[in-house]
There are 2 protein chains.
Amino acid sequence: MVTIHDVARHAGVSAMTVSHVINEHPHVKDATRERVLQSMTELDYRVNVAARNLRTGRTGTIGLAVPEVNRPYYGQLGAAIIEEAARHFLHVVIEQTGASRENELDALALSRNRMYDGLILSTVGLGPADTDLLRVDYPVVILGERIFDGPVDHVAMPNVAGAKAAVAHLVEAGCTAIALVEGVDFQETSVSGLRMAGFESALAEAGIEVDPQLIISVDVFSLASGVRAAQQLVASGRVFDGVFCITDTIALGMLRGLHELGVRVPQDVKVIGFDNIEEGGYSVPSLSTVDPDHAFMAKRAVELLVRRIASGSSGVDPQEVTSAFRVVARESSSG
Amino acid sequence: MVTIHDVARHAGVSAMTVSHVINEHPHVKDATRERVLQSMTELDYRVNVAARNLRTGRTGTIGLAVPEVNRPYYGQLGAAIIEEAARHFLHVVIEQTGASRENELDALALSRNRMYDGLILSTVGLGPADTDLLRVDYPVVILGERIFDGPVDHVAMPNVAGAKAAVAHLVEAGCTAIALVEGVDFQETSVSGLRMAGFESALAEAGIEVDPQLIISVDVFSLASGVRAAQQLVASGRVFDGVFCITDTIALGMLRGLHELGVRVPQDVKVIGFDNIEEGGYSVPSLSTVDPDHAFMAKRAVELLVRRIASGSSGVDPQEVTSAFRVVARESSSG
DNA sequence: CTGAAAGCGCTAACAT
DNA sequence: ATGTTAGCGCTTTCAG
């Protein structure tokens with residue numbers, strides 16, 4: 001491994017001068033700089049970030065911890081955050097928490113370990129009870145999903161309002177018996193809980209009573225879950241003419257499941273999801289959904305994190321912003 | 001930030017003893033260990049990986065560099081590699097290269113910078129001309145995609161054979177005029193080039209001549225590209241009864257595009273993709289594809305990398321393994 | 001079983 | 001404009 005000293009010796013200067021060149025300090029004579037640069041190239045020198053980090057406490061990298069890397073929604077989120085971070089000359093690395101509370105805490109710990117300058121945590125495992133654990137002295141931004149008064153910056157999704165609008169959209173489209181597919185582990189502050197609240201609120205406003213038989217719980221937010229939910233719904237014998245699935249992935253599975261059972265969408269049943277993942281625009285029929293403005297969320301999350309990193313003021317005066325949303329009406333709810 | 005010295009002082013021992021406890025060295029009296037552990041908990045101590053790394057040269061983390069995080073195929077790959085790495089007690093971080101040669105080289109550089117113990121690089125930008133740049137002295141495994149005689153371990157996809165089998169499957173299903181949707185930037189060693197070779201080989205064997213009019217090039221492997229390819233194909237006026245898309249994502253777009261144009265799949269045209277992404281099992285109609293055995297690729301890639309890390313023998317006697325494949329026949333090519 | 005010394009590669013703060 | 005000193009937090013080596 002070639003070090004700064006090797007370069008210094010080769011260029012006939014001190015290590016300090018090499019450091020100055022690397023860090024683009026102004027007071028270096030052009031000729032010297034050239035010579036050092038030349039030596040760096042010849043020796044194929046690369047800075048050792050571990051050593052630099054040990055000294056400066058900065059890595060130039062931020063972490064993004066998501067529940068599942070293999071989920072379109074998080075892929076999209078990752079892409080948006082990478083793009084936004086690049087504007088601030090920050091590198092992004094993504095890691096998976098498996099939606100478990102422990103791993104989310106691990107990610108926090110790793111960040112604190114100074115592997116990253118800060119962490120954007122898309123949490124689903126942590127809840128209001130973990131507020132204290134989030135009270136850390138390094139830059140963290142919580143993204144989307146759950147909502148609670150944490151000690152850190154939080155970019156929230158319009159879960160309740162968005163879900164309400166989605167269901168209201170079904171009502172407007174003429175649905176009177178609307179089913180809900182939600183996550184089994186719902187609490188008041190979880191994605192499921194919040195979107196379910198929106199569902200109930202919309203029905204109440206429309207004067208429709210909630211039919212417990214039309215509420216299906218799934219354990220994971222997967223395509224397979226959507227198919228199973230469709231089967232359960234049809235098997236129940238209950239009539240229904242609309243379904244709100246709390247994620248697009250589930251909704252896409254629902255579309256497939258209903259198709260297999262000979263239920264026509266949107267003629268017999270209208271379907272709407274939540275998240276506006278890219279795939280929803282290309283299914284047959286295309287999927288109506290709620291767009292929570294990923295780009296906005298990514299932008300704000302990175303901005304908040306960058307501010308914390310720059311100011312070193314972690315934990316004081318936590319900000320909370322909620323993105324706007326819009327209902328995207330496509331074929332699955334038309335007619 | 002609490003350091004090893006703080007813990008040492010608190011526990012009334014030396015920093016060295018704390019280090020021994022952390023690293024589970026055997027020669028520490030139980031009572032001492034308990035005391036140290038207790039202090040670590042009380043002070044909420046976390047090792048500083050930058051410092052440890054500086055000393056040991058190990059981080060316990062491996063990198064996975066993929067062209068695009070927002071692509072189902074890479075999401076799946078990431079999930080499989082994370083799972084496999086966990087078996088070896090290794091952490092995985094994912095970064096995006098944007099399918100550019102420069103960024104792939106950057107990822108290599110970062111890895112060399114000892115941010116990671118090793119790197120799994122899913123390359124599309126690097127080609128045979130870059131062989132020398134891969135001649136690095138730290139653990140690297142090249143995954144899938146392109147194929148060329150590199151100086152590092154390589155886990156390859158069965159691109160040619162798999163594509164050939166896919167097209168042969170269409171022939172068996174009765175197709176006689178088969179279209180191909182491939183990437184515009186194909187070279188002999190690229191994904192497109194290789195899968196195209198399989199396409200041509202299958203047609204030759206079936207005694208069908210390649211119709212250049214039925215070969216559509218797309219610039220990115222996206223759903224939108226698939227839709228556009230369908231439009232081009234139909235607009236050309238050429239008759240065709242089968243389409244091989246070189247990735248499932250394109251194929252899913254093709255399904256949607258054909259649907260919009262009133263072309264029935266599989267009655268009028270049969271479609272097959274490549275990659276076996278989860279979504280293909282849930283589209284309407286479900287998508288036939290080639291399964292390149294992700295799990296195997298992930299397993300071998302991690303194993304090869306771990307061996308290199310352990311032995312420190314980077315660059316000597318590079319291994320090359322190719323995964324097996326199987327054609328998955330679903331609705332889009334049935335009947 | 002425990003600890004003292006030394007140094008990993010780099011840079012902040014200060015000379016010169 | 002360039003160099004000296006010191007030390008980031010940790011662990012390897014070796015001595016007690």
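## Close-up views of a predicted protein–DNA model

Of the atoms of DNA strand C within 4 Å of the protein, 68% are sugar or phosphate atoms, and the rest are base atoms. This is a predicted model, and the legends below walk through it one close-up at a time.

**View 1. DNA strand C and the residues around it.** Here we look at the 25 residues around DNA strand C, of which Ile4(A), Tyr45(A), Thr17(B), Thr32(B) and Arg55(B) come nearest.

**View 2. Polar contacts with DNA strand C.** Start at Ile4(A), where a polar backbone atom is 2.5 Å from a phosphate oxygen of DNA strand C. Next comes Tyr45(A): an N or O atom in its side chain is 2.5 Å from a phosphate oxygen of DNA strand C. Then turn to the bases, where a base nitrogen of DNA strand C lies 2.7 Å from a polar side-chain atom of Arg55(B). Both chains give elements with two or more residues on the surface near DNA strand C: helix 1 (4–11), helix 2 and helix 4 from chain A, and helix 2 and helix 4 from chain B. Helix 4 of chain A has the largest share of this surface, with 5 residues.

**View 3. DNA strand D and the residues around it.** Now for the other view of DNA: 26 residues surround DNA strand D, and the closest are Thr32(A), Arg55(A), Ile4(B), Met16(B) and Tyr45(B). Within 4 Å of the protein, 62% of the atoms of DNA strand D belong to sugar or phosphate, and the rest to bases. The surface near DNA strand D is made up of 11 nonpolar, 11 polar and 4 charged residues.

**View 4. Polar contacts with DNA strand D.** Look for Arg55(A), which has a side-chain N or O atom 2.8 Å from a base nitrogen of DNA strand D. In Ser19(B), an N or O atom of the side chain is 3.1 Å from a phosphate oxygen of DNA strand D. In Arg52(B), a polar side-chain atom lies 2.9 Å from a phosphate oxygen of DNA strand D. The elements giving two or more residues to the surface near DNA strand D are helix 2 (15–22) and helix 4 (49–56) of chain A, along with helix 1 (4–11), helix 2 (15–22) and helix 4 (49–56) of chain B. The most comes from helix 4 of chain B, with 5 residues.

**View 5. How chain A and chain B are related.** Chain B can be superposed on chain A by a rotation of 180° with 0.0 Å of shift along its axis, giving an RMSD of 0.1 Å. The two copies are thus related as by a two-fold rotation axis. Of the interface residues of chain B, 100% are also interface residues in chain A, so the copies meet through the same surface.

View 6. In soluble globular proteins, nonpolar side chains tend to be buried together. In this model, the largest nonpolar core has 141 residues, and Phe244(A) and Phe244(B) have the most contacts inside it. A second, separate core has 33 residues, including Val140(A), Ile142(A), Leu119(B) and Tyr138(B).

**View 7. Two cis peptide bonds in chain A.** One cis peptide bond joins Val265(A) and Pro266(A), with omega about 10°. You can find Pro266(A) in the loop between helix 10 (248–260) and strand 9 (270–272) of chain A. Another cis peptide bond runs from Val284(A) to Pro285(A), with omega near -5°. Pro285(A) is in the loop between strand 9 and strand 10 (289–291) of chain A.

**View 8. Two residues with positive phi.** Asp44(A) is not a glycine, yet its phi is positive, near 55°. This residue lies in the loop between helix 3 (30–43) and helix 4 of chain A. With a relative accessibility of 35%, Asp44(A) counts as partly exposed. Asn276(A), also not a glycine, has a positive phi of about 55°. Asn276(A) sits in the loop between strand 9 and strand 10 of chain A, and is buried, with a relative accessible area of 13%.

**View 9. Glu84(A) and its contacts.** Our last stop is Glu84(A), in helix 5 (residues 72–87) of chain A. Glu84(A) is buried, with a relative accessible area of 7%. Leaving aside neighbours within four places in sequence, Glu84(A) contacts Ala298(A), Lys299(A) and Val302(A).

Definitions and conventions. Residues numbered from 1 in each chain as written. Chains lettered and ligands numbered in written order. Predicted model: local features only at pLDDT ≥ 70, side-chain atom pairs only at ≥ 80, totals over all residues. Heavy atoms only, no water. Near = heavy atom within 4 Å. Polar contact = N/O pair within 3.5 Å; in protein donor to acceptor, adjacent residues only side chain to side chain. Helix = DSSP H or I, 4+ residues; strand = E, 2+ residues; numbered from the N terminus. Nonpolar A, V, L, I, M, F, W, Y, C, P; charged D, E, K, R; others polar. Least-squares fit on C-alpha atoms with pLDDT ≥ 70 in both. Contact = heavy atoms within 4.5 Å. Core = buried A, V, L, I, M, F, W, Y, C linked by side-chain atoms within 4.5 Å. Buried < 20%, exposed > 50% of the residue type's maximum accessible area, 1.4 Å probe, protein only.
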